[in-house]
Amino acid sequence: MNALRIFFCLAVLLSSVAVPARAQRFGDVSGRQFDVELGGAGILFSVNFDSRFERGQRLGPGYRVGIGCAKGGLLVSGASDRLSDRGYVTIPAGVNWVFGKPGSSHTFEMGAAITCFTEKVDVHYADEFVDGRYCAGSLSFMYRFSPVKGGFACRIGLTPLFNFAGNTAIRMGASAGYAF
């Protein structure tokens with residue numbers, strides 16, 4: 001129950017940081033995005049803020065931070081007979097690079113993230129469980145739709161997950177939100 005309280009408090013705090021602000025240059029948006037994601041670096045569900053390092057740019061290097069929640073262990077492959085029903089908070093943080101044409105709403109994102117958990121999470125891989133960990137890594141290969149003038153934005157793609165014992169899993173991620 002405490003994990004859910006922490007999640008909602010941090011989600012409210014994160015959403016207050018993402019106040020819409022328009023860039024003055026060429027009438028474009030500032031390259032910021034606030035979204036809700038299923039799968040991806042947040043494991044099950046997360047609320048995220050994404051921005052470019054260079055102010056006023058929609059393309060190039062940037063960062064993504066969020067807070068989420070999940071339940072049970074991470075199933076990498078095989079049966080889930082040892083996964084618990086215990087919930088925990090996830091905190092994904094990473095860097096990414098957005099590629100595309102400057103005037104296009106259609107772009108491609110590549111990135112890497114570390115996700116920390118408030119509980120030790122068992123990872124099931126190849127019929128054996130790896131000891132619980134407090135962190136996992138992920139990559140992102142995502143199609144992004146983000147209108148040049150702002151508005152509804154979405155992402156969908158592959159988000160391979162790996163733990164630091166060398167086990168990996170190919171997963172999907174999808175998000176919907178608002179670009180400003």
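Strands here are DSSP runs of E, at least two residues long, numbered from the N terminus. This is a predicted model, so local features need pLDDT of at least 70 and side-chain atom pairs pLDDT 80 or more, while totals for chains, interfaces and linings use all residues. Residues are numbered from 1 along each chain as its sequence is written, and side-chain values use heavy atoms, without hydrogens or water.

First, the surface. A nonpolar patch covers about 1,000 Å². Patch residues have over 30% relative accessible area and no salt bridge, with nonpolar side chains (Val, Leu, Ile, Met, Phe, Trp, Tyr) joined within 5 Å and like charges within 9 Å. Areas are Shrake-Rupley, 1.4 Å probe, with only the protein chains shown as cover. A salt bridge puts a Lys or Arg side-chain nitrogen within 4 Å of an Asp or Glu carboxyl oxygen. Among the members are Trp-97, Phe-108, Phe-141 and Met-172. Which strand gives the most? That is β7, with three residues. Met-172 sits in β11, residues 172-179.

Now the arginine. Arg-144 lies in β7. Arg-144 counts as buried because its relative accessibility is 5%, and buried means under 20% (exposed is over 50%, partly exposed in between; 1.4 Å probe, protein chains only). Its C-alpha is 5.7 Å from that of Phe-108, 36 residues away in sequence.

What does the Arg-144 side chain make a polar contact with? One partner is the Gln-33 side chain, at 3.4 Å. The Glu-109 side chain is another, at 2.8 Å. Polar contact means N or O atoms within 3.5 Å; within protein, one able to donate a hydrogen and the other to accept it, with sequence-adjacent residues counting only if both atoms are side-chain atoms.

How values were computed. Helix = DSSP H or I, 4+ residues; strand = E, 2+ residues; numbered from the N terminus.
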